[in-house]
Amino acid sequence: MPAAQHLKLQQGQHEEDVLVDVETGSWAALYEEGGRWIVRQDGPEPLWDAVEEHLGRWHAAGTPAVEGATVRVTAEAQSLHW
């Protein structure tokens, strides 16, 4: 999600975290309610699904510190490794 931008919006009684992928137009909005996270997403790419996939990989790697991460960037793509 290299083109995603983060916003915080006040929506009635709760504050939402919003991710918007400026390249694809995909977006995801989430907020906590009663100890649960409520997520909505739309657009051509399931943005929040990608966030959860990356978070799952991070947990599977033992939740390493950010200092242990490396980013590999090539002309074709970028990747994150722990």
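Please keep in mind that the model is predicted: local features need pLDDT of at least 70, side-chain atom pairs count only at pLDDT 80 or more, and totals for chains, interfaces and linings use all residues. Residues are numbered from 1 along each chain as its sequence is written, and side-chain values use heavy atoms, with hydrogens and water left out. The protein chain holds six strands and one helix, where helices (H or I, at least four residues) and strands (E, at least two) are DSSP runs numbered from the N terminus.

**Overall picture**

- Along the principal axes, the C-alpha atoms fill a box of roughly 40 × 30 × 20 Å.
- The protein chain has 82 residues, and 17% of them count as buried; buried means under 20% relative accessible area, exposed over 50%, and partly exposed in between (1.4 Å probe, protein chains only).
- When contacts between residues at least 6 apart in sequence are considered, 14% join residues at least 24 apart; a contact means heavy atoms within 4.5 Å.
- The protein chain carries 5 positive and 14 negative charges, and their mean positions are 4 Å apart. Lys and Arg count as positive and Asp and Glu as negative, while His and the chain ends are not counted; each charge is placed at NZ of Lys, CZ of Arg, CG of Asp or CD of Glu.

**The nonpolar core**

- The largest nonpolar core has six residues: L19, A28, L30, L47, W48 and V51. Such a core is a set of buried Ala, Val, Leu, Ile, Met, Phe, Trp, Tyr and Cys residues joined through side-chain atoms within 4.5 Å.
- Both β3 (27–33) and α1 supply at least two residues of this core, and the largest share, three residues, comes from α1.
- In soluble globular proteins, nonpolar side chains tend to be buried together.
- L19 sits in strand β2 (residues 14–21) and is buried, with a relative accessible area of 17%.
- Leaving aside residues up to four places away in sequence, L19 touches Q5, H6, S26, W27, A28, L47, W48 and V51.
- From C-alpha to C-alpha, L19 and H6 are 4.7 Å apart, though 13 residues separate them in sequence.

**Two hairpins**

- Strands β3 and β4 (residues 36–42) pair in the antiparallel sense over seven bridges; two strands pair if DSSP finds at least two bridges between them.
- Two residues lie between β3 and β4 in their hairpin, and G34 in the turn has a positive phi of about 60 degrees.
- E33 has R36 in β4 as its bridge partner.
- Strands β5 and β6 (residues 78–81) are also paired in the antiparallel sense, over four bridges, and form a hairpin with four residues between them.
- Opposite V71 stands L80 in β6.

- T63 belongs to the loop between α1 (47–60) and β5 (70–73). Its phi is near 45 degrees, a positive value in a residue other than glycine, and T63 is partly exposed, with a relative accessible area of 37%.
- Q10 is in strand β1 (residues 4–11) and is exposed, with a relative accessible area of 51%.
- Q10 and V39 are 29 residues apart along the chain, and 15 Å separates their C-alpha atoms.
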